[in-house]
Amino acid sequence: MAESTLGIEITDITGKKYLDFGETMVVVGHSHPDIIKAVSDHVPRMITGGTAGWSMIEPRVLFAEELKSLLSGRLRSEGRIAFCSSGAEACDYSLGLARQYSKKKAVINFSGAYHGFTGATLAINGIEPQLNAYRIPSRAGTITAPFPCELDLEEGGSQAYERLCIDKFKEMFETITTGNEVAATTFEAVEVMAGLRIPSPSYWKEIFKVCKAQGVLTIADEVFTGLGRTGRFLAIDHYDVEPDIVCLGKGVGGTLPLGVIASRADIINENLKPNCQSSSAGNQLCCVAGYENLRVIKRERLMQRSARLGKYFLSRLRELKGKHSSVKDVRGIGLILELEPYCKDPATDGAARSRKIYDLALEKGLIIARNGTRKHMIRISPPMVVTRAQIDTFTDRMDKVLAAV
């Protein structure tokens with residue numbers, strides 16, 4: 001049980017300290033003093049809930065303008081922002097926005113994707129199908145496309161499979177559906193929950209070409225990968241394409257509950273209110289924290305830091321891979337990294353192997369996370385304020401963990 005938090009350090013009630021390399025909501029570190037001060041200074045001025053309709057109180061305006069300044073292309077120049085309370089809500093509302101705007105209903109998702117735990121997002125998840133069993137009436141209207149890197153192949157085979165994924169995506173509009181039926185393609189530029197699947201630089205350019213030709217909107221789920229964790233503000237920015245709609249959540253509110261939908265004015269206007277019809281969406285204190293969170297990212301150059309330290313961290317993990325036969329693979333993009341333990345079969349002993357690593361790491365004061373389609377992988381995603389020294393400490397402790405597996 002945590003007693004206090006600061007930066008990437010968590011202290012429990014016994015006084016034991018842990019380094020947090022697994023918490024997804026903490027982007028600029030726990031208890032960042034600038035965010036604490038911003039929220040504390042605002043409380044005496046005004047406390048209210050969400051504000052209905054297009055009403056704009058100052059914290060909302062400041063946050064929206066700061067966020068747009070970090071986006072690119074038409075999302076920056078012509079963008080509008082809508083608020084909700086979480087990343088799952090942002091993904092949920094984005095589906096309704098796309099359908100309302102396009103007057104079409106079908107949605108294409110991808111295998112391995114995770115978009116949330118609401119009724120609408122469960123219907124477009126491509127992972128953990130057991131979550132859907134009793135919570136949604138059906139997946140009607142959802143068409144699932146294959147995603148690169150989901151098969152365990154050698155390098156040449158992986159490239160061939162990615163080409164096949166692109167071809168199958170094109171083929172769907174000839175054999176399964178048409179552009180007249182599909183409202184949007186919703187996706188994670190880099191799939192995290194499935195085990196950090198990172199497509200090649202050309203993949204999304206090909207997919208976006210097909211969507212544009214078919215008149216299909218593109219919805220980028222950047223709930224996990226946004227805010228600079230990958231070294232760019234959005235993960236999709238690595239691919240030199242511009243989505244029609246972007247969803248943000250988790251750390252966007254500076255650890256307070258906030259979700260955001262960003263899209264062009266011609267899409268949002270008349271189709272989605274700024275509070276998504278929710279009474280509590282865009283709560284002013286959440287927007288105050290979110291605004292300061294974005295300012296910290298810019299002021300401390302955390303995106304550039306993520307790119308630089310991410311490369312260093314990946315090199316240290318590769319050292320562990322070379323040293324320990326228990327490590328099958330490591331990969332990363334910025335400060336989102338993955339360690340894949342060796343197992344006979346992910347479906348049989350994979351989860352047990354990752355659980356052992358997780359438990360041993362916790363004993364040594366490291367907080368990590370388990371993910372993958374079978375919970376057979378280890379996700380490593382520290383806050384962007386992590387230091388090189390802390391990365392070295394993590395590597396030294398993980399070395400001992402892997403030696404004991």
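The paragraphs below turn to a helix, then to a sheet and the helix across it.

This is a predicted model, in which local features need pLDDT of at least 70, side-chain atom pairs count only at pLDDT 80 or more, and totals for chains, interfaces and linings use all residues. Residues are numbered from 1 along each chain as its sequence is written, and side-chain values use heavy atoms, with hydrogens and water left out.

Start with helix α4, residues 87-102. Helices (H or I, at least four residues) and strands (E, at least two) are DSSP runs, numbered from the N terminus. The expected span is 1.5 Å times one less than the number of residues. For the 16 residues of α4 that gives 22 Å, and the end C-alpha atoms are 22 Å apart, which agrees. In α4, G87, A90, C91, S94, L95, L97, A98 and S102 are buried (under 20% relative accessible area, 1.4 Å probe, protein chains only). They cover an arc of only 165° around the axis, so they lie on the same side of α4; the arc is that of the directions from the helix axis to the C-beta atoms. K103 follows α4, with a positive phi near 60°.

Now the sheet. Four strands form an open, antiparallel sheet in the order β11-β12-β15-β14; two strands pair if DSSP finds at least two bridges between them. β11 (327-333) and β14 (369-371) stand at the edges, each with a single partner strand, so one side of each has no neighbour in the sheet. Strands β12 (residues 336-341) and β15 (residues 377-380) pair over three bridges. L339 stands opposite I378 in β15.

Finally, helix α11 (residues 346-363) lies across β12, β14 and β15, where contact means heavy atoms within 4.5 Å. α11 runs at about 170° to β14. Axes are lines fitted to C-alpha atoms, for helices over the stretch in contact, and angles run from 0 to 180 degrees between N-to-C directions.

Definitions and conventions: Buried means under 20% relative accessible area, exposed over 50%, partly exposed in between (1.4 Å probe, protein chains only).
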